[in-house]
Amino acid sequence: MKQETSENKKVHFISLGCPKNLVDSEIMAGTLMKDGYQVVGEAEDADTVIVNTCGFIEDSKKESIQRILDMSDLKQQGKVKKVVVAGCLTQRYKDDLVEGLPEADLFVGSGEFQNIAKILKKSDEGEKQKTFFNLPTYLQEEETPRVNSQPGHRAYIKISEGCMKRCAFCAIPLIRGNLQSRSIDAIVAEARLLVAGGVKELIVISHDFTDYGWDIRRKDPTRKESPVELLKALDAVEGLQWIRLMYLYPDGITQEMVQVIKNSTKIVKYFDMPLQHINDAVLKSMNRKMTRDEVETALMNIREHIPDAVIRTQFIVGFPGETEEQFEELLQFIADQQFDRVGCFQYSPEENTPGGKMENQIDAETKQYRHDAVMEIQQNISRDKHRDFVGKTIDVIVEGFSEETDLLLQGRFWGQAPDIDGVVLINDGQAEVGDMVKVHITDSLEYDLLGEIVTPN
């Protein structure tokens, strides 16, 4: 029986930041819907707007604040009744936000969002409490309600919270706390539910996949939780076609892990491996706990055993003290390694992090120049790599129509992660969203591929 939606029970979500934050929004949506709320697509149609904020770097903070102010304007215009501020920015700057944003009605930290239905109900009943903060993280449970906000053929699955590393530039441990891993049984149970709902591609997310299970094994050495055992368990889930791993740190990519990925028909040969830099002195200053030799060994291990692996990485330029010579070493490394995908960030000083307190901060103009130089090199590499696909036929999962035109279908091959990599534009052939089709590549662009569906004989 369809549950009637009562007054003040229409909710709109604005989810900012990374996919891990998006999963939190999906849990809030599932929790609210279970309690009789209706999730609507437009803020103007809602009684309550929940802004799930990101507080990772300066630009994300500014975006979060602006969206809160935009929703507060709607409230002043009488178009919404309540504005709720949740997520990482709330957890990190709770006192400052409560004081600086009196327009918002409720502030919910990253350890309380799972109680969102109870919080809204009490507020609707006249409860005066505005702030809800507990532990820095909430670890998802097997029975946690969740609504997948992605196209039905794909979903993110979060395997842990927090991080055991202490990189000098990163505020994640301050926001999300130390590493807390879910059990393999709980992750597999959720994966099976997602597959039962039509999911074909599972995207495994965490702050560091290669550290998965360390906290569990530390408490109980007899436990099986480890990256390799998790991969084996997910690989056995019937109905999955693609398993995509995100956030693999090079110091944890073992020979055994590479072999499991190589031998699997489901785990795509896609390595998302944030390196951040390559100069040993800069890596040490970043507290990355690895050397150039160790990074190159990890890359060589992958390429030796999986020659067609797609490797995506990211770098930070303008970290305090980075010299021109160290930056030139990074440029040469990128040119030599010929990565398939590269993201580049200009260093952003973060409060209460070691990097933010360092001397020799780099000026904005130098950081911009270094960012542009990295991207110029990578653009040429990406263009050349895409030309190599012309004439080949590859498996593509159809995502719908192109964002640029409604004349072309759009999809991704296994070497393209959603929202961060390019796409395959299909200019001939018909398919439904979620179909896995073979596409003959006829042309290439800087970041995208073009092709036509191959019709079976």
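This is a predicted model: local features need pLDDT of at least 70, side-chain atom pairs count only at pLDDT 80 or more; totals for chains, interfaces and linings use all residues.
Me: What average pLDDT does the protein have, and which stretch falls below 50?

Reply: pLDDT is the predictor's confidence in each residue, and here the protein averages 91, with 97% of the residues scoring at least 70. Over residues 1-6, however, the pLDDT is below 50, and beyond near neighbours in sequence this stretch has 8 contacts in the model.

Me: Turning to helix 2, which of its residues are buried, and which are exposed?

Reply: Buried means under 20% relative accessible area, and exposed over 50%. Helix 2, residues 58-76, reaches 27 Å from its first C-alpha to its last, close to the 27 Å expected at 1.5 Å a residue. Its buried residues are S60, K61, S64, I68, M71, S72 and L74; because they cover an arc of only 155° around the axis, they lie on the same side of helix 2. On the other side, D59, K62 and Q76 are exposed.

Me: What covers the buried residues of helix 2?

Reply: The cover includes strand 1 (10-15), strand 3 (48-53), strand 4 (82-87) and helix 3 (88-92). Just after helix 2, G78 takes a positive phi of about 80°.

Me: How many residues does the largest nonpolar core have?

Reply: In soluble globular proteins, nonpolar side chains tend to be buried together. The largest nonpolar core in this model has 55 residues, and those with the most contacts inside it are F209, L234, L245 and V374. Its largest share, 6 residues, comes from helix 7 (residues 184-196). Apart from this core lies another, of 32 residues, among them L22, Y37, W242 and I397.

Key:
Residues are numbered from 1 along each chain as its sequence is written. Side-chain values use heavy atoms; hydrogens and water are left out. A nonpolar core is a set of buried Ala, Val, Leu, Ile, Met, Phe, Trp, Tyr and Cys residues joined through side-chain atoms within 4.5 Å. Buried means under 20% relative accessible area, exposed over 50%, partly exposed in between (1.4 Å probe, protein chains only). Helices (H or I, at least four residues) and strands (E, at least two) are DSSP runs, numbered from the N terminus. pLDDT is the predictor's confidence in each residue, from 0 to 100. Contact means heavy atoms within 4.5 Å. The expected span of a helix is 1.5 Å times one less than its number of residues. The arc is that of the directions from the helix axis to the C-beta atoms.
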